[in-house]
Amino acid sequence: MRYSKIFIPTLRENPAEAEAISHKLLIRAGYVRQLAAGLYIYLPLGLRVIEKINTVLKEEMNAIGAQEMSMPLLHPAEIWQQTGRWSEIGDEMFRLKDRGERDMCLAMTHEEIITWLAAHEIRSYRDLPQVWYQIQTKLRDEARPKSGILRTREFIMKDSYSFDRDEAGLERNYKLHSDAYHRIFSRCGIRFYRVESDPGMMGGATAHEFMAPSPAGEDKIAICAGCGYQANLELALSRPPYAEDRSWQKEEVSTPGKRTIKEVTSFMKTAPEYFIKSVLVIADKTPVLALIRGDQELHEHKLTRLIGAFRPASKDEVKNILGVEAGFIGPMGHDIKLIADSCLKEGTYITGANKPGYHIKGIRSGEDFKPEWADIHIARAEDRCVTCGESLKIESAIEIGNIFKLGTKYSSALDAVYLDEDGSSKPIIMGSYGIGPARIMASAVEQGSDKNGIVWPESITPFDIEVLPLNMKSTEAVELAENLHLELPKLGYEVLLDDRNERAGVKLKDADLIGIPWQVVIGDRTLKEKNLEIKNRRTGETKKISINTAAQAIDETIRSSRK
RNA sequence: CGGGGCGUAGCGCAGUUUGGUAGCGCGCACGGUUCGGGACCGUGAGGUCGGAGGUUCAAAUCCUCUCGCCCCGACCA
C-alpha cells in the first residue's frame, strides 16, 4: 500500500479534549475520529487494526468449535420483556417504536436473541452442546462515554454463548473459553490478568474478567503475587494489616462533641485502626448496623450482596432505632442485625458508648457484641491476601473480556429447553463470553506507546513494515523502495510505502507516530555505501543491510527478532 | 443524574476582567530556496466568535435561556 493512496490524517498536536494516552494517539496518528460523545469513526488504519484483532478472535473461537453467525441490532421488545430486562434496564437501553407503534430496542447485548434462537431450534440433548458467536455491534446509551474508544455508546463485541445439557458441559465450555481468551490476548500482545468478578446483572454464579493493566482503566483489581489470587476490587477479599494488640481495661471516655473518627482519633490521640465505625443503614425497611474498622471504608457493593439494596439511615432514624444520636453509637446492646467486617474478629477496640458525649475503650467482639461476620471493607494495597498472607497489589485495569456462567436464567425465561435421554424436558445450561476488540486496540496503545507515538504489537499492526525512501528525487532510493514494496509481500509482509514528497523529518516523525513495528529507511547516507537501514520501532535499534539482498535480509532480521 | 471545566479559521490557542476594526502559531494554496528527525522566505485563501433571545449608539466581551464536548463522581450486559 502506498501512503499517498491511504488516508492517514496525522496531527502535530494532541487533540485538546483527549486525556487518555490511547485517545490522544489514536486521533493524532490518524486511526479514528470522533463524531459525537461515544461515537467514533474508524479511519483506514484503525479499521485495519480492528480487522487484525477480529481475525485472531475468529481463529481462536473457531479452534474451540464455536460457530460464527450474525444477529440483528434491532430487537422486538417482547423478548426483552420475557426475561424481565426490558424493565430492569433503565436509560442505558436505546428504545424506539416502529411504524406500527411496536416497542423496539437496539442491541445492548444478545443473550435474549440467541436464547430465542436456541428455544426455537434446539429440541434434543442430541443437539447439544452448541457454541455460537458473532462479532457484532452493541449500542448502549452510556451515562458517561469516556477515554476515546475505551467506553463508547456504539462498539463492536465478540460475543459467544454456550448451550449445554448439564453443569459439566458448561464447565467444559467455560474452560475452553477461558483458555481461548488467554491465547487471544497473548497473541494480541496485551499484558493481562484473569480476575474473579461480580456476575452482577448478568445473573449466574461465576464470572471472570480479563483485565489489561493500565492507568486509563476504569476498574481496580487486586493481585496477589504469592498464591495467584486475582479479583476485581468490587469483590476482592483482603486482610488489613493488624495493629498490635492492646489490653485496655473497659473504660468510658468523655469525648464531648467528637463524633467523626477523625475528630475522636485526634482527640484521644489514638490511630483510627483501634476504632470501630458503626454505620446504620436501612435495607428494605429493616435496619442493619454495619461495623468497620476505623481506618477502613465500607464496601457498599459487598454489603448489598449480603442484605440487598440499602440506603444510609437519616440522623432521626439513628436516634429512633438505636436510641443514641449519631457519632456515639456502638454495637453493644442493640437488638438489630449486626454485620461486622472480618478484621474485627481479633483485638479490642474503641467505639461509641451508646451515650451522648462518650466513647468506650476495650470492646471485644464475641464478648461485647455478637455479629455476623463478612468481608465488607474495600481492599487496599497494604492489605494481605486472605489465602496466603502475601501483600496485595492494586492496579487499574481495562476490562478487555469477560466470561459468565449464566446457568438457566435466560433459558428458563425464554423456554429454551431440550428433551433429555430419559424423556424429561430440561432448561439448557448457558454461558456467555465477551471480548471488546476496540478495548484490545486501546490497551495495546496504552501499554505500548512511547513519547514519539504508538508501538503496535506485530500481531495487530495495520502494516508489518513501513518503507521510507527519504529523498524522492533519488531514483536509486525510489527504485529500491518500489522493489521492496513488491518483494516483501511475497514473503508474507504487509508493507506501507511512504511515497509522499515530504522531507525526511516529516516521514520519520509520522512513521514513529503511526507505530508500524519495522521501518525500512532508505536514505542517501547509507545508499552511498550500498546499504539501507532497518529500525525496530519498539527498541529503536537499527541495523544496516546491503541493498543487494535487502528483502531476504529484512525477513531474516524480523524472524530472528521473534525468537 | 450531581460537581467542575471548555466552546473564537482544519488543528492548538490568545482576546472576554475594563463592550469600540477578530488575532497568533501550525496546517492549507501558489512561487522560490532547501532536503536524514515535524525547513526557510514571500504571497494568499479561510471565522455569522456553538445557538437563540435580551441590554446598548455599539456585544466574542454584559444578562437570560439553550445545545455540544471533556474531566471527577454516581451508574455501567
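Modeller: Contact here means heavy atoms within 4.5 Å. With that cut-off, residues 24 or more positions apart account for 69% of the contacts in chain A that have a separation of 6 or more. The model is predicted, with local features needing pLDDT of at least 70 and side-chain atom pairs counting only at pLDDT 80 or more, while totals for chains, interfaces and linings use all residues. Residues are numbered from 1 along each chain as its sequence is written, chains are lettered from A and ligands numbered from 1 in the order in which they are written, and side-chain values use heavy atoms, leaving out hydrogens and water.

The side chain I would pick is that of H177. Helix α6, residues 167-187, holds H177; helices (H or I, at least four residues) and strands (E, at least two) are DSSP runs, numbered from the N terminus. H177 is buried, its relative accessible area being 0%; buried means under 20%, exposed over 50% and partly exposed in between, with a 1.4 Å probe and protein chains only. Leaving aside residues up to four places away in sequence, H177 touches M61, I64, V131, K158, S160, I403 and Y433.

Some backbone details elsewhere in the chain deserve a check. Most residues other than glycine have a negative phi, and most peptide bonds are trans. The peptide bond from L128 to P129 is cis, with omega near -5 degrees, and P129 sits in the loop between α5 (111-121) and β7 (130-139). S147, in the loop between β7 and β8 (154-164), is not a glycine but has a positive phi, near 55 degrees. E101 also has a positive phi, near 65 degrees; E101 lies in the loop between β5 (95-97) and β6 (103-106) and is exposed at 56% relative accessible area.

Next, the cysteines. A disulfide is taken as a pair of cysteine sulfur atoms within 2.5 Å, and by this rule the count is zero. C388 is in no disulfide, and the nearest cysteine sulfur, that of C224, is 3.4 Å away. C388 is partly exposed at 36%, whereas C105 is buried at 0%.

Towards the end of the chain, helix α14 (residues 524-527) contains T526. T526 is buried, with a relative accessible area of 7%, and touches N531, L532, E533 and K544 when residues up to four places away in sequence are not counted. I545 is 19 residues from T526 along the chain, and their C-alpha atoms are 9.2 Å apart.

As for the whole, chain A has 15 helices and 29 strands. Its C-alpha trace spans about 95 × 65 × 45 Å along the principal axes. Of the 563 residues in chain A, 54% are buried. An automatic or database assignment sets the domain bounds: domain 1 (51-236 + 394-441), domain 2 (251-374) and domain 3 (465-562). The C-alpha centres of domain 1 and domain 3 are 42 Å apart.
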